[in-house]
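Open the model in your viewer and keep the sequence panel beside it. Follow the selections below in order.

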Amino acid sequence: MHKPTIDDILSPKPEARPRIYAYSIADGAHEGLLKVGQTTRDVKRRVAEQLRTAAITNFRIELDEPAERDDGTIFTDHEVRAALIRKGIENTSLEWMRCTLADVHTVLTELRTGLRFSGTHHQTFPMRREQAEAVRQTHAYYHSRWEEDMHAVPRFLWNAKMRFGKTFTSYQLAKKMGAKRVLVVTFKPAVEDAWQSDLENHADFDGWQYLSVKTGGDPTQIDRNKPVVYFGSFQDLLGRDARGNIKAKNEWLHTENWDLVVFDEYHFGAWRETAKELFAGEEDEIAREEARLEDAKKLKDRIADLQEPLEPETEFLPITTKAYLYLSGTPFKALSTGEFIEEQIFNWTYTDEQRAKAAFAAAHPDQWNPYGSLPQMRLLTYQMPDELLAIASAGEFDEFDLNEFFAATGTGSKAQFKHKSDVQKWLDIIRGQYAPGAVDSLKTGTRPPFPYSDVRLLPYLQHSFWFLPNVAACHAMENLLTERQNTFWHEYKVISAAGASAGIGLEALPPVRRAIGSGFDSKSITLSCGKLTTGVTVKQWSSILMLRNLKSPETYFQAAFRVQSPWSIKNPNGDNPHEEEILKPVCFMFDFAPTRALRQLSEYGIGLSPNEANPENAVKELVSFLPVLAYDGANMYQVDAGGILDIAMAGTSATLLARKWESALLVNVDNETLRKIMDNPEAMAAVERIEGWRALGDNVIETIINKSEKVKDLKAKAKERDLTPKEKKELSAEEKEYKSARKLVQEKLIKFATRIPAFMYLTDFRENTLQDVITKLEPELFRTVTGLTVQDFHLLVRLKVFNTEQMNQAVFAFRRYEDASLNYTGIDSHEGLSSYGLYNTVVARE
C-alpha cells in the first residue's frame, strides 16, 4: 500500500452543498408545470446542461434553495415530489409536477420543520458483503447447535465497529431465522433511534411491529400474526419494585417465548455483581471504570471475578428464548478470556472496513463505493511545552497528566479551572498563537500544524468534540471560551453536554443538533465527559480532542469513533442514485499526551489481531489505515509501527513493564482449568512445588470447585423459592470462601510468573524462543530461578494454566524495552541480533 505523505494526511477538505431547484419552460407543452430537481453544483449551469441538447433557451429558474432541514439532515428532490403528490398534485412525467411555485415553497417549509419519513419502508438497499456473511455464519452456528441438541440456546458475538450496521443486520438475521418475537436489550437507551428507524424505514421489514417504553401502547395487544421487536434497557428490565418483584409492566416479557434476544452495546461481564454499578447512571460510568482499572490490585480482583464461570442469561434476565446475539464494537476482554470460542465470533474491525474501502476502489474505480463515505482516521499527537508539563506531569517519563491539567471545581457559571492561566496558554497553543512556540518555529524554519491554526485542518474543526475529565471541567471550559479575551473562540457555538442540566442519554443530543444545524454555515464545539460517546451519530463532527486520561483502548476508540460517522450527499445531482459526494473523507483525533496516545493505539492494534504472533505486524496493519503524526516540540513527523511500539513500550516506565508479569491475564484459574490440574496427579505435584502453595492447605483446588458448585445450586434454589435465613447465611459464607481461595491460588501462580523476567535477564540467548531456552538450552537455570522443573512447567502450559499469548506480549515488551534502553546509551546488547525469541514464537528484528 502507498504510504501517505504528511501533505496527503493533511489534504484539503472538499466542499459541496445540496440544493433543490425548480424551473419552468415558457411554451404550451409545459404550461403550469415545474421541473423539480437537485444538485450540488451551480443551479443555472446544471439546468443549462440539461436543456442544451434540446436547444431550449426559454427556461426560467423559479427556485434555488438549500436542501436542508432545521436539524441538519438533508432531503432530496424525490421527497419534495412525493410530498407534492401526497397533497394531490399531479406528477405528469419524470420530474415534472403540475403545481405552482407556492406549492413547492409550502412543501419545502414542511420538510424543513420536521415532517420526516417514518414507518414508510421506503429504503431498499441490500446487505453489504460482510453483513450477509455475519448473518450466514451466525445462522449456520445456531443450526449446528440445534442439530446437536434441539433444546440448546446458542450464543454468538458480533465484534463489529460502529457503522457496520449492527441494527439492520440483526433484523436481517431475525428475518432469516423466521423470528416472530425479537427482544433487544441494552445498557445504552440512547441507541434506540437506530433500532426503530432501521425497522420502520426498510422495505424488508414491512409489516413488522416496533415497541418500547418510548413508543407507548399495550404490548399485549399486538398483532400476533406479525413479527414484533421490543426494545428495552437493562436498567428498566432488571429493575424491581419496592418488594423485590419484577415490575408489573414488564411481566409480559417474562411470559413471552422469544425467538431471538439481542444484547446491544455488550461489554464483557457487564451484568455480573462486580459491574452492577453500571445501572446507577450514565454520567460517570467511564470515570468509575477507569478509576477501578488504575489500581493494580483491584484489576487483579476484577479479572479473578470475571474468570468465574459465566452464569446463564436466565440468572439475571429470566426469559425464554431460542438464541442470543451479542453486539459490541469493543469486546477485547471477551475475546482475550475465551468467553466466546472462534466459531461463535464474527469480526468486523476498523482495519477490515478501511481495507474493504481501498480494495473496492481499486477493483471498481468507476462504481459507487459502499464504503466510500466511511472516513479514514488520522491521529495527531503534540508534546506540550516544558512549562505546561511541569504543571501537570505523571509517571516516570513525565507524561502530560490531562486530568490534573484540566482539573476544575464548581458547576455552571461558577466552574473554574485549577490551572486557569495554563489552560489559557493551551488554548493559545492549539491556535498557533503561543509566543515561545512561535520563536521555536522561526528557529526550525517550520510551522507545525496545530489544530486551530493550520488551514488544512481548520475545516475539519468546524464541528469538533472535546472529551474532558469531568462535569466541572466541561463547565469551566465553556466559561473560559466565552471570556472577553478569547475572541477567536466566540465564532464557535459551545455546547456543554455534561451534568444533570444536559439531560440523560439522548436528551443531550437536541441542543447539539440545533447548534450545528446543517453544518455548512455554523461552527461548534461540543464539550463532554462521557455523554454522547456511544450510540449517537452527529455526522458533522469531524475531529475529537482527547483532553482526559483514558487507560483502556476500548473507551478511547469508542469515543474516537464518534467522529468517524459518514457525512455525504447521496445522488447529489438528482440523476444518478449510485452517485455520492463525500463531504468528510477523513477525520482527526488530536491528543496532547503522546506516549499514552500511542500506547492506546498499539494496544488497540494488538487487540484487533489477537492471533498475530508479532505485535509489530498487528500495529503496522492498523497504522496503514490510521496514519500517525507526532509533534515533538520542534517538528512534526510521521510515526511508523516500530516507532509506535518503541514509544508505547520502550517509552514506558519499568514499573508498568513489570506489571505485565503481575497480570492476572497470564494465568487461568477458572473451574475447568482447575479441574484439569486436579485430575492429573503430575500436574498436582507440579503446582505443589510452587513456592508458598502448601500454605494454602490440602485440597484447595477441590474446595474451590465444590464450593462454587454448591453456591450455584443455592442460587438456583433462590430462583424457585425464598431461601431460609440459614441457607442465605450459608450461601454468603460459601461464596466468600471459594472466591477468597481462588484469589489465593491465582496469586501463587502469578508469583511464579514474576520469576520469568529474572530468568530472561540471566540467560544470554535472545533469538531463541523462551520455551526453547527453558526446555533445551538452560533447564537447570530455569529450575534454580523459578523452582519448577522443565517438565512441570511444560505440563502446566499444556493444561492452559499459563496463557501463552499473553506471555508472548510480555516477553516482546521486555526484549524491546531492554534493547531500546541500551541503544539510547550507545550500547548494542547483542551484536548481529536478527530476531527476538518470544515465549513460543520468534519475530524478526528490524
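Two strands pair if DSSP finds at least two bridges between them. Helices (H or I, at least four residues) and strands (E, at least two) are DSSP runs, numbered from the N terminus. This is a predicted model: local features need pLDDT of at least 70, side-chain atom pairs count only at pLDDT 80 or more, and totals for chains, interfaces and linings use all residues. Residues are numbered from 1 along each chain as its sequence is written, and side-chain values use heavy atoms, with hydrogens and water left out.

**Stop one: strand 22**

Select residues 524-528, which form strand 22. Five of the five residues are buried (under 20% relative accessible area; exposed is over 50%, partly exposed in between; 1.4 Å probe, protein chains only). Strand 22 is therefore largely enclosed by the rest of the structure. Show the side chains. Ser-524, Thr-526 and Ser-528 point one way, Ile-525 and Leu-527 the other. In a regular strand the side chains alternate between the two faces of the sheet.

Strand 21 (residues 493-496) pairs with strand 22 in the parallel sense over four bridges. Look for Ser-496 opposite Leu-527. Strand 20 (residues 463-467) also runs parallel to strand 22, joined by five bridges. There, Phe-467 stands opposite Ser-528.

**Stop two: the largest nonpolar core**

Select Trp-426, Trp-466, Met-477 and Phe-592. These have the most contacts inside the largest nonpolar core, which has 54 residues. Such a core is a set of buried Ala, Val, Leu, Ile, Met, Phe, Trp, Tyr and Cys residues joined through side-chain atoms within 4.5 Å. Elements giving two or more residues to this core include strand 22, strand 15 (376-382) and helix 17 (420-430). Helix 19 gives the most, with eight residues.

Move to the open sheet of seven strands, in the order 8-9-7-11-13-6-14, with parallel pairing. Strand 8 (209-212) and strand 14 (345-348) stand at the edges with a single partner strand each, so one side of each is left without a neighbour in the sheet.

**Last stop: Tyr-637**

Select Tyr-637 in strand 28 (residues 636-638). At 34% relative accessibility, Tyr-637 counts as partly exposed. Leu-380 lies 257 residues away in sequence but 9.7 Å away in space, C-alpha to C-alpha.
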